[in-house]
Protein chains: 4
Amino acid sequence: MTNGRAGLWLIGAYGGVGTTVAVGLSGLARGIAGSTGLVTALPAFERCGLANLADLVIGGHELRQTSYVEAADILCLKAGIFSADLLKACRDDLANASAAIRPGLAIGAGKCIEEMADWPGMTRRESCRATIARLQKDWSDFRAAHDLAQIVVINVASTEPLCPPAPCHDSLAALENALDRGDRAGLPASSLYAYAAIDAGYPYVNFTPSQGASTPALEQLAIERSCPIAGQDGKTGETLIKSVLAPMFLARNLQVLSWFGQNLIGNRDGLVLRNPANKSAKLASKDQVIAGVLGYQPQTQVGIEYVPSLDDWKTAWDFIHFQGFLGVKMSMQFTWQGCDSVLAAPLVIDLARLALLAQRRGERGVMRHLACFFKSPLGVEEHDFFKQFEALLEYASISGNGAGDEVTEVLNNARA
Amino acid sequence: MTNGRAGLWLIGAYGGVGTTVAVGLSGLARGIAGSTGLVTALPAFERCGLANLADLVIGGHELRQTSYVEAADILCLKAGIFSADLLKACRDDLANASAAIRPGLAIGAGKCIEEMADWPGMTRRESCRATIARLQKDWSDFRAAHDLAQIVVINVASTEPLCPPAPCHDSLAALENALDRGDRAGLPASSLYAYAAIDAGYPYVNFTPSQGASTPALEQLAIERSCPIAGQDGKTGETLIKSVLAPMFLARNLQVLSWFGQNLIGNRDGLVLRNPANKSAKLASKDQVIAGVLGYQPQTQVGIEYVPSLDDWKTAWDFIHFQGFLGVKMSMQFTWQGCDSVLAAPLVIDLARLALLAQRRGERGVMRHLACFFKSPLGVEEHDFFKQFEALLEYASISGNGAGDEVTEVLNNARA
Amino acid sequence: MTNGRAGLWLIGAYGGVGTTVAVGLSGLARGIAGSTGLVTALPAFERCGLANLADLVIGGHELRQTSYVEAADILCLKAGIFSADLLKACRDDLANASAAIRPGLAIGAGKCIEEMADWPGMTRRESCRATIARLQKDWSDFRAAHDLAQIVVINVASTEPLCPPAPCHDSLAALENALDRGDRAGLPASSLYAYAAIDAGYPYVNFTPSQGASTPALEQLAIERSCPIAGQDGKTGETLIKSVLAPMFLARNLQVLSWFGQNLIGNRDGLVLRNPANKSAKLASKDQVIAGVLGYQPQTQVGIEYVPSLDDWKTAWDFIHFQGFLGVKMSMQFTWQGCDSVLAAPLVIDLARLALLAQRRGERGVMRHLACFFKSPLGVEEHDFFKQFEALLEYASISGNGAGDEVTEVLNNARA
Amino acid sequence: MTNGRAGLWLIGAYGGVGTTVAVGLSGLARGIAGSTGLVTALPAFERCGLANLADLVIGGHELRQTSYVEAADILCLKAGIFSADLLKACRDDLANASAAIRPGLAIGAGKCIEEMADWPGMTRRESCRATIARLQKDWSDFRAAHDLAQIVVINVASTEPLCPPAPCHDSLAALENALDRGDRAGLPASSLYAYAAIDAGYPYVNFTPSQGASTPALEQLAIERSCPIAGQDGKTGETLIKSVLAPMFLARNLQVLSWFGQNLIGNRDGLVLRNPANKSAKLASKDQVIAGVLGYQPQTQVGIEYVPSLDDWKTAWDFIHFQGFLGVKMSMQFTWQGCDSVLAAPLVIDLARLALLAQRRGERGVMRHLACFFKSPLGVEEHDFFKQFEALLEYASISGNGAGDEVTEVLNNARA
């Protein structure tokens with residue numbers, strides 16, 4: 001069974017994650033890459049009617065003028081994550097994918113990101129409405145060029161600075177008014193992309209902590225356009241482990257006194273996060289898990305430092321100080337050494353398949369069953385990884401049975 | 001509401017775990033110790049009708065002639081786990097508890113443990129039937145002396161060597177015949193205790209990897225005597241974390257290549273485990289979790305070394321080598337630094353309360369809902385900690401509602 | 001042989017380090033504490049003519065109104081570092097020592113420290129000259145009361161904020177002029193103490209990163225008053241290990257790419273270091289070692305976070321990323337878990353004995369042979385711990401031989 | 001200045017270390033590899049008259065029939081340690097080097113190693129004298145073919161089992177007699193190689209813990225043939241760090257209570273070490289450093305486990321439990337993650353250059369100044385890395401000055 005070809009549109013296309021998605025999809029389609037790391041390759045998802053991996057076509061927006069071949073070569077050289085054989089076999093596919101990459105939005109992504117933009121043809125000054133129209137035209141061109149039944153838009157760009165709250169984000173009407181007035185409306189780039197995608201009926205998934213579609217206004221738009229959305233901030237490493245370990249302390253009634261986490265990272269993401277404005281957005285997202293799981297607030301702290309020599313290899317150390325019976329203090333520490341792009345890319349492919357499925361099933365608004373993929377899951381308070389994952393499995397099992405109404409129920413249950 | 005006083009009979013009464021149970025129960029009864037570390041103190045268990053902590057009375061069997069006061073002073077000096085104030089307040093209770101400790105079984109616990117036995121009055125040569133009668137008399141005396149409504153027997157003694165398989169363990173009839181013939185029947189001390197307890201209708205819980213009640217013959221006896229049993233090998237530290245982390249690798253479809261664990265421990269348990277025969281029993285119990293969760297067998301290895309300077313402070317290092325998308329190898333490592341007695345003691349109290357409850361509810365045979373407490377849960381294949389814990393919560397929720405039949409269902413569900 | 005009794009005057013007397021010094025000296029004098037951790041107890045120092053430990057008498061300045069008994073009880077309760085028996089045996093000595101503690105200088109130690117001051121009798125407004133006279137009177141009273149042949153003043157108070165450079169610190173004449181004018185002269189508390197001590201001919205040792213005697217003006221005063229000085233910032237844990245490991249990377253020609261260190265600490269020192277002004281002084285001191293040893297500047301970063309649950313137990317994680325043959329990147333990480341007061345106290349005693357010896361030997365100015373004790377050794381560029389230690393051993397061997405001139409040579413050699 | 005071309009003959013030529021030496025020398029000669037990791041590239045060795053790196057020619061003995069190109073490709077694929085560009089540039093050199101590899105000695109290396117031997121033409125049965133003659137002919141052929149002024153023989157083969165003591169190893173006369181009688185003389189392969197090399201006047205360096213030249217008989221032969229020798233067991237990772245950290249504990253008078261080390265390794269060396277006989281030789285070598293430095297014996301334990309997924313990436317965890325002032329127990333732990341071949345290869349090149357230099361300088365017998373390179377330095381009791389390194393620097397400084405007699409003195413001083 002096939003659902004036709006579908007477009008996977010990446011915002012931040014040539015970043016480490018985007019490049020690994022492109023290499024990975026090519027490798028999978030050619031049968032030289034395995035499905036390890038893909039959640040949707042687990043047996044539980046076999047009968048859900050997910051898009052075939054070979055039917056996904058890459059497109060994207062980007063600020064830097066390069067190509068997938070070049071980006072993959074650099075990633076291979078610096079992080080050592082692609083074998084020479086794999087890169088050789090994927091070269092043509094990567095060249096083709098590069099042809100579908102378009103200049104994106106530098107403005108509204110924060111000064112630090114704007115300074116990376118080097119694509120000369122990129123229009124830098126235009127009204128929001130004009131931007132939205134431009135983005136939507138990119139997508140309709142893409143759709144036509146590749147005969148795509150669906151498109152899903154996934155934001156894998158660098159973290160933007162935290163947005164100051166703006167009244168026009170609180171309701172769709174206010175936002176539309178602001179846009180009509182030619183107002184910038186305080187919209188960061190990620191939210192402009194989100195508006196454009198949702199408005200055109202394309203599912204939007206935010207793999208970063210940037211604002212994206214996480215406002216009442218855009219959630220309302222998603223309902224109105226019958227468009228599924230999800231986010232935010234992919235849970236790939238240290239925070240994933242937090243959401244796995246914290247429930248154990250709760251279940252054993254061990255009191256966490258303090259939980260200190262330190263992340264070292266050397267890729268472009270880390271470079272952007274050197275900027276205090278961008279960093280604060282990230283840290284806020286990373287730091288809510290523990291109290292969210294435990295139900296009380298121990299001392300928590302999480303740091304991110306840019307260590308260029310590590311490149312894409314995130315090295316995180318967490319120290320957990322806890323108290324057991326009779327007040328005795330004990331500790332656990334862990335070091336996580338993972339390659340960020342390699343951890344994130346399969347989840348991006350998973351989210352694409354699941355968002356495309358949701359759209360075909362007629363679901364709209366926040367996909368709460370995807371909480372296990374995110375550090376700050378939209379619309380879900382639950383931070384216990386296994387409870388989040390149970391909700392996904394339940395969704396998969398219902399979808400696999402072809403049921404409809406129960407899905408809604410799952411979504412509602414996931415709300416609590 | 002009260003269920004009357006109940007006896008908590010500890011095999012290996014003066015060990016670190018037993019001593020911490022005695023100090024802890026005294027501290028709890030006197031309101032100077034908190035309930036951190038007690039699973040049954042979680043809100044989920046509030047309405048289950050568990051025994052009041054103040055109603056538990058300590059008794060036990062032991063091989064070494066000492067006292068709770070002395071054992072607690074030494075533990076305090078070496079491991080620093082009791083405050084001077086706590087010890088002072090509990091001194092009288094500990095002296096009283098010591099009065100209820102009786103000489104146990106040195107024979108059949110392995111050479112290493114036998115050599116520790118120094119209680120002169122301990123009868124060393126008697127038939128199995130005579131031993132069983134002696135143990136049962138200890139319990140009925142204890143019951144009468146303290147006016148106890150129930151007794152639960154929990155084995156917290158050092159690990160025995162692995163038992164060679166013996167045909168008479170496979171059916172109760174064969175075992176009874178062997179005992180009638182005056183045959184030793186290949187019964188290790190732990191199984192003799194178990195037989196005696198179950199035969200007299202006292203729930204038996206095995207907190208060690210020793211054989212205890214884990215044979216078809218004794219499971220059958222438990223059914224016949226309407227007696228609940230549980231085991232084995234309390235899951236307090238490194239293995240607990242394994243059963244928490246391994247499911248994450250499965251859920252993310254990350255392939256574990258190798259999982260190496262090293263435990264350093266300096267208490268009497270560690271001393272006994274220096275003996276290769278005793279150690280192999282422990283390692284077999286610790287090493288089954290990962291393949292049990294993952295459904296495939298990566299390279300796993302687990303070591304235990306005796307490091308006297310650490311005393312009761314278990315220090316464990318685990319190194320997990322795993323493969324993600326596109327074959328990239330990554331790693332995670334953790335160090336666990338916990339005090340074994342302090343981690344185990346509240347779980348022993350939990351198990352006592354839950355076993356007493358099960359008996360009052362008329363349950364018999366293996367308590368499968370207690371799997372989350374054990375490294376090698378009897379009758380349960382599931383090693384995912386959170387699934388095990390869900391089964392316990394479901395049991396608690398049903399018990400809390402006063403339901404009956406559903407309990408059986410939970411037990412059956414937990415079987416798979 | 002005896003050199004008479006000598007006073008060990010502690011600035012910050014009731015802090016964790018000061019309290020451990022007091023408990024330790026009492027325990028040593030009474031024969032119930034061993035000499036582990038005391039560098040001067042090594043055989044190499046046997047024949048140097050160091051002061052007997054039993055001849056050291058404690059006095060000190062402090063801002064908080066408490067006592068050694070109280071401070072030791074709290075340290076014991078929170079960090080668990082003194083046995084009940086030790087505390088009991090030392091109780092009288094501690095009470096006596098408390099009698100010699102005088103109100104110190106709150107002003108000029110930074111806002112954060114000033115706010116801790118709660119000693120009502122403490123004169124808060126006085127000219128610098130008046131302060132100096134007051135301090136010197138405290139010392140002469142102390143000397144008279146205990147019939148002391150010598151006094152050494154050691155600063156173990158919390159870290160002050162970094163001082164802005166002031167011209168009057170550059171020459172003694174300028175400083176004297178400023179003081180004569182009634183000018184505050186930009187002198188932090190630590191430097192006022194230093195001036196007062198040196199001016200009166202008492203050796204001054206700065207165990208903190210505060211400015212103390214580390215200015216040309218005060219070094220000149222030390223020469224003029226024939227007074228030995230040393231500092232600064234005791235090297236007790238993470239930085240010690242850095243100064244041990246970095247030379248190995250140099251000797252093996254392995255290129256350090258980045259060295260990231262994170263310190264977690266929960267005592268009063270950590271509390272003060274939460275203040276960015278105080279923290280920057282500490283970090284500057286900690287961060288110079290690696291480049292100092294290697295001769296080139298890799299990326300280095302060092303953090304300190306206040307984690308109250310840890311109390312006096314410093315937990316530090318260092319991650320070292322390095323490159324070997326053929327450009328291959330490798331890593332080493334370590335976790336240090338040490339009790340700060342327990343590590344620092346014996347070094348303070350060592351420094352007292354060595355400073356007293358130097359004074360008796362007629363040495364003046366910076367004691368360069370003490371570099372191995374400090375993170376930022378005054379007058380010494382060498383950060384390789386073992387080379388620093390060699391210089392100390394050479395000094396000890398010369399002192400042990402009763403030689404004189406060679407000492408000067410050692411000092412000069414240590415300069416490079 | 002040049003000393004002519006010199007042969008670097010590797011026993012175990014195609015192993016990870018040998019292959020990395022071959023790739024590295026080619027890369028260095030072609031100017032595409034840097035000298036990081038080479039101790040002899042430090043400024044201190046500039047004026048010693050060491051052989052030019054480009055003048056070293058590779059030859060070797062081996063048991064497995066393969067080639068440098070194949071071995072390097074596999075190492076690249078599995079451990080990711082050579083860049084594609086480097087391998088491409090070195091391809092011709094590797095092919096040439098392979099032409100100089102000859103079948104070695106399978107017999108006498110232990111069963112485990114013998115089973116790896118697959119070179120069909122390899123003579124498996126011959127008398128010791130015949131073997132010695134065969135090896136010496138290989139070397140004279142090599143010398144003639146490449147016009148070599150000198151040859152140095154370095155053993156980088158897998159660890160042999162421990163040799164039982166044999167009387168004929170105690171004196172050269174006894175050994176010669178045994179060989180004349182056609183006796184096997186209990187000589188392991190490594191010692192036969194050593195005999196043959198030394199007898200022919202070629203310096204012999206043992207980079208493994210195998211017996212090699214470490215017997216009185218062969219030391220005597222080295223003196224008689226005026227041949228320098230060195231060994232044994234290259235100090236590349238965990239043991240290196242031990243020899244760096246242990247002196248710090250001594251210098252600070254901190255008492256090490258226990259030091260536990262665990263090594264995980266997945267290369268052929270690890271595979272051989274799975275064999276208990278081979279492993280015991282290695283562990284004996286690794287476990288002597290700590291007591292050797294400290295002067296007392298804390299509890300020490302060191303383990304090696306074969307973890308194939310790690311391949312050449314040694315991962316070691318060490319836990320150090322120590323006691324400070326007032327008996328307080330503290331701990332330090334480190335994890336070392338290094339690539340064994342990459343760490344060892346430059347040291348092998350260093351040793352070759354230093355042995356060739358020694359021979360040109362007319363030195364004979366054990367080169368004690370090379371102790372810093374070895375876990376079990378022949379003829380040297382000193383295990384403190386920095387003292388060992390000082391001895392090497394002193395040798396280099398004397399050699400650099402063209403002095404002669406002082407060298408002997410250095411050697412003698414290094415004896416203590």
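A salt bridge, as the term is used on this tour, is a side-chain nitrogen of Lys or Arg within 4 Å of a carboxyl oxygen of Asp or Glu. The model is predicted, and local features need pLDDT of at least 70, side-chain atom pairs count only at pLDDT 80 or more, while totals for chains, interfaces and linings use all residues. Residues are numbered from 1 along each chain as its sequence is written, chains are lettered from A and ligands numbered from 1 in the order in which they are written, and side-chain values use heavy atoms, with hydrogens and water left out.

**First stop: chains D and B**

Select chain D together with chain B, where the count of salt bridges is 0. The count of residue pairs in polar contact between these chains, with both residues at pLDDT 80 or more, is 12; a polar contact is a pair of N or O atoms within 3.5 Å, where within protein one must be able to donate a hydrogen and the other to accept it, and residues adjacent in sequence count only if both atoms are side-chain atoms. On the side of chain D that touches chain B, the elements giving two or more residues are strand 7 (255-265), strand 8 (299-306), strand 9 (313-323) and strand 10 (329-339) of chain D. Helices (H or I, at least four residues) and strands (E, at least two) are DSSP runs, numbered from the N terminus.

Contact, meaning heavy atoms within 4.5 Å, links 22 residues of chain D with 22 residues of chain B. Between chain D and chain B an area of about 1800 Å² is buried, 57% of it from carbon and sulfur atoms, where buried area is the accessible area (1.4 Å probe) that two parts lose on being put together, summed over both. Now pick out Phe260(D), Ser309(D) and Trp317(D), the residues of chain D that lose the most area to chain B, together 28% of what that side buries.

**Second stop: chains A and B**

Move on to chain A with chain B, where 60 residues of chain A are in contact with 60 residues of chain B. These two chains bury about 4600 Å² between them, 71% of it on carbon and sulfur atoms, and in chain A the residues that lose the most area to chain B are Arg252(A), Phe325(A) and Leu326(A), together 19% of what that side buries. Between chain A and chain B the count of salt bridges is 0, while 14 residue pairs are in polar contact, both at pLDDT 80 or more. Strand 10 of chain A gives the most to the side of chain A that touches chain B, with 11 residues.

How can chain A be laid on chain B? A turn of 180 degrees and a shift of 0.0 Å along the axis does this with an RMSD of 0.0 Å, which is the relation of a two-fold axis; copies are superposed by least squares on the C-alpha atoms of residues with pLDDT of at least 70 in both. To find the axis from chain A, select Phe334(A), whose C-alpha comes closest to it among the residues of that chain, at 2.0 Å. The copies meet through the same surface, because 100% of the interface residues of chain A are also interface residues in chain B.

Select Leu245(C), Phe249(C), Leu245(D) and Phe249(D), which have the most contacts inside the largest nonpolar core, a set of 186 residues. Such a core is a set of buried Ala, Val, Leu, Ile, Met, Phe, Trp, Tyr and Cys residues joined through side-chain atoms within 4.5 Å, and buried means under 20% relative accessible area, exposed over 50%, partly exposed in between (1.4 Å probe, protein chains only). Around Leu245(C), leaving out residues up to four places away in sequence, its contacts are Trp259(C), Ile320(C), Met332(C), Phe334(C), Ile241(D), Val244(D) and Leu245(D).

**Last stop: chain C**

In chain C, select helix 7 (residues 189-199), which is largely enclosed by the rest of the structure because 10 of its 11 residues are buried. After helix 7 of chain C comes Gly201(C), with a positive phi near 85 degrees.

Finally, select Glu126(C), in the loop between helix 4 (111-114) and helix 5 (128-146) of chain C, which counts as partly exposed at 27% relative accessibility. The side chain of Glu126(C) makes a polar contact of 2.9 Å with the side chain of Thr131(C), and another of 2.9 Å with the side chain of Arg134(C).
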